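Look over the sequence and the model before reading on. The paragraphs below go from single residues to strands, cores and a pocket.

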Amino acid sequence: MTYTGSDDLTVSLDDGVLSVTLNRPDTLNSLSLAMLELVGDAVLQAATDPAVKVVRLGGAGRGFCSGAGLSPEDQDAKKFDAAAVLNAANRAVAALVNLPKPAVAVVHGVAAGVGVSLALGCDIVLASEKSSFLLAFTKIGLMPDGGASALVAASIGRARAMRMALLAEKLPAAEAYAAGLVSSVHAADDLDAEVDRVLAALKSGPAVALRKTKQAVNDATLTELNNAFARETAGQIQLLHAADFMEGVTSFQQRRLPVYSDV
């Protein structure tokens, strides 16, 4: 099979490993609509490609993903459509969760917003000690999306998920590991070697047993994911049209504290 990528998203297949790399390092790999669509396309295609044994999701440069861009420019000059962006994000995350093969996220630097959802949509999250995880939505009057309300809570529990989402506090790698958000944390210089080891183990493992194990764990822990997609999309669209979102963005750009009106 031939996989479609772009300047902003590279996709390559080598010896059973499909590597999907977010490639906008100048914006810490902020996600455009086109990028989200291509991630979903690649993972859905990998599901039926016998040449693919495992999917690797990573980011170029010094970060994993800073989240979805909200400007029309971030959406590759397409007319900005919030519902389309949210649906594309949900589709990409769902494709990773439902992929009948293992998916590994490699996180170095920041994972923020829907970048957290993409990472947690994978089965194993390997993180650099320099990485961090952030749900910054409430800082600009928004709510988590991309299934984050279900994925984060399933990983670290309700209390920690509430703190992370409501207070928009950055979770450093060591704390993320202690909380159960990521699979393991490694020194920056050792991360590539660990990634290679894990990918080798997965691609040479018993494919049917791996598929059934992944499905069983996800069925037991992510029972609310589809409902979360629906709730988040409805709520986020409403928030994106509210005055508080505009105030949140404006205050951030002006480097001042926001004054919310709750409308």
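In which helix is the place of I237? I237 belongs to helix α9, residues 225-240; helices here are DSSP runs of H or I with at least four residues, strands are runs of E with at least two, and both are numbered from the N terminus. This is a predicted model, in which local features need pLDDT of at least 70 and side-chain atom pairs count only at pLDDT 80 or more, while totals for chains, interfaces and linings use all residues. Residues are numbered from 1 along each chain as its sequence is written, and side-chain values use heavy atoms, with hydrogens and water left out.

I237 has a relative accessible area of 27% and is therefore partly exposed; buried means under 20%, exposed over 50%, and partly exposed in between, with a 1.4 Å probe and protein chains only. Not counting residues up to four places away in sequence, I237 touches A83 and L86, where contact means heavy atoms within 4.5 Å. The C-alpha atoms of I237 and A82 are separated by 6.6 Å, although the two residues are 155 apart along the chain.

Leaving aside neighbours within four places in sequence, L210 is in contact with P102, L202 and G205. From C-alpha to C-alpha, L210 and P102 are 7.2 Å apart in space, and 108 residues apart in sequence.

Beyond the neighbours within four places in sequence, S251 is in contact with R256, L257 and P258.

Next come the strands. Strand β4 (residues 103-107) is mostly covered, with 5 of its 5 residues buried. A103, A105 and V107 lie on one side and V104 and V106 on the other, and both faces are covered. Strand β3 (residues 54-59) runs parallel to β4 and is joined to it by 3 bridges; two strands count as paired if DSSP finds at least two bridges between them. In this pairing R56 stands opposite V104. β4 is also joined to β6, again in parallel, by 4 bridges, and there V106 stands opposite L126.

What is the strand order in the open sheet of 3 strands? The order is β5-β7-β8, with mixed pairing. β5 (110-112) and β8 (171-172) each have a single partner strand and stand at the edges, so one side of each is left without a neighbour in the sheet. β5 and strand β7 (residues 132-134) run parallel and are joined by 3 bridges. A112 has L134 in β7 as its bridge partner.

The nonpolar interior can be considered next. In soluble globular proteins, nonpolar side chains tend to be buried together. The largest nonpolar core here has 66 residues, of which V20, V107, F133, V152 and L181 touch the most other members. Such a core is a set of buried Ala, Val, Leu, Ile, Met, Phe, Trp, Tyr and Cys residues joined through side-chain atoms within 4.5 Å. Helix α2 (residues 82-98) gives the most to this core, with 10 residues. Apart from this core lies another, of 10 residues, among them V54, V106, V198 and L202. V152 is in contact with V116, L120, L135, G157, A161, M164 and L181, leaving aside its neighbours within four places in sequence. V116 and L120 are among the buried residues of α3, a helix in which 8 of 8 residues are buried.

Where does the second largest pocket lie? Its space is about 540 Å³, and the closest of its 26 lining residues to the centre are C122, D123, I124, V217 and N218. A pocket is an open set of points on a 1 Å grid over the protein atoms alone, where a 1.4 Å probe fits, with protein on both sides within 12 Å along at least five of seven lines; lining residues have an atom within 4 Å of a point. Grid points are joined across faces, edges and corners, and the volume is the space filled by probe spheres set on the points. The elements that give two or more residues to the lining are α3 (114-121), β6 (124-128), α4 (148-156) and α8 (207-221). α8 gives the most, with 7 residues. The lining divides into 15 nonpolar, 7 polar and 4 charged residues, where Ala, Val, Leu, Ile, Met, Phe, Trp, Tyr, Cys and Pro count as nonpolar, Asp, Glu, Lys and Arg as charged, and the others, Gly among them, as polar.
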